[in-house]
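These notebook entries record what I looked up in one protein structure. I began with the whole chain and then turned to single residues.

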Amino acid sequence: STLHSILPSLRLTATPHRKILVNKSTIEELVHPYLSRKQAEVIVRYRVNHGSFKNMEDLKKTGILTDVMAEKLQAYINFD
């Protein structure tokens with residue numbers, strides 16, 4: 001079959017996903033497939049008014065993330 005003949009030539013290269021530095025990023029840097037610009041604006045405003053986020057529970061206090069959204073974002077967020 002064609003697949004078997006080209007299989008030795010195929011290579012899978014995985015690039016690591018970009019971690020979002022939620023406590024340091026600008027609005028533009030926070031925009032992500034799981035975060036809209038409006039959500040990014042809320043995160044930055046909340047961070048300015050309440051201080052740094054320590055964990056996902058802190059981020060959920062913004063009121064813009066459902067549990068499902070927070071779970072999807074977990075792999076992309078860095079709280080350092």
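**Entry 1: the model and its elements**

I noted at the start that this is a predicted model. I then looked up the secondary structure, and the protein chain has five helices and two strands. Read from the N terminus, the order of the elements is α-β-α-α-α-α-β.

**Entry 2: overall form**

What radius of gyration does the protein chain have, and what would a compact globule of 80 residues have? I found 18 Å for the protein chain, while a compact globule of 80 residues would be near 12 Å. I also looked up the box filled by the C-alpha atoms, and along the principal axes it is roughly 60 × 25 × 20 Å.

I next checked burial and found that 31% of the 80 residues count as buried.

**Entry 3: charges**

The protein chain carries 12 positive and 8 negative charges, and I noted that their mean positions are 3 Å apart. Side chains of opposite charge can pair when their charged atoms come close. I therefore searched the whole structure for such pairs, with a salt bridge requiring nitrogen and oxygen within 4 Å. The search finds five salt bridges.

**Entry 4: the pair in helix 3**

I looked at Arg37 and Glu41, whose side chains meet in a salt bridge at 3.3 Å, N to O. How far apart are Arg37 and Glu41 in helix 3? They are four residues apart in helix 3, which covers residues 37-50, so about one helical turn separates them. Arg37 is partly exposed at 41% relative accessibility, and Glu41 is also partly exposed, with a relative accessible area of 24%.

**Entry 5: Lys60 and its partners**

I then turned to Lys60. The side chains of Glu57 and Lys60 meet in a salt bridge of 3.5 Å, N to O. Both residues lie in helix 4, residues 56-60, where they are three residues apart, about one turn of the helix. Lys60 also forms a salt bridge with Asp67, and the closest N and O atoms of this pair are 2.6 Å apart.

Elsewhere, I recorded one network in which salt bridges with shared partners join Glu28, Arg37 and Glu41.

**Entry 6: Asp58**

I stayed with helix 4 and looked up Asp58, which has its place there. Asp58 has a relative accessible area of 16%, so it is buried. Leaving aside neighbours within four places in sequence, I found Asp58 in contact with Tyr46, Ser52 and Phe53.

**Entry 7: His17**

I located His17 in the loop between helix 1 (2-6) and strand 1 (20-21). With a relative accessible area of 42%, His17 is partly exposed. Which residues does His17 touch, not counting residues up to four places away in sequence? I found Ala75 and Tyr76. His17 and Tyr76 are 59 residues apart along the chain, and their C-alpha atoms are separated by 7.2 Å.

**Entry 8: Leu73**

I found Leu73 in helix 5, which covers residues 67-73. Leu73 counts as buried, at 0% relative accessibility. Not counting residues up to four places away in sequence, Leu73 touches His32, Tyr34, Leu35, Met56 and Leu65. I also looked up the distance from Leu73 to Phe53, which is 20 residues away along the chain, and their C-alpha atoms are separated by 14 Å.

**Entry 9: Val42**

For Val42 and Asn23, 19 residues apart along the chain, I recorded a C-alpha separation of 13 Å.

Notes:
Residues numbered from 1 in each chain as written. Predicted model: local features only at pLDDT ≥ 70, side-chain atom pairs only at ≥ 80, totals over all residues. Heavy atoms only, no water. Rg over C-alpha atoms; globule rule 2.2 N^0.38 Å. Buried < 20%, exposed > 50% of the residue type's maximum accessible area, 1.4 Å probe, protein only. Lys, Arg positive; Asp, Glu negative; His and termini not counted. Charge placed at Lys NZ, Arg CZ, Asp CG, Glu CD. Contact = heavy atoms within 4.5 Å.
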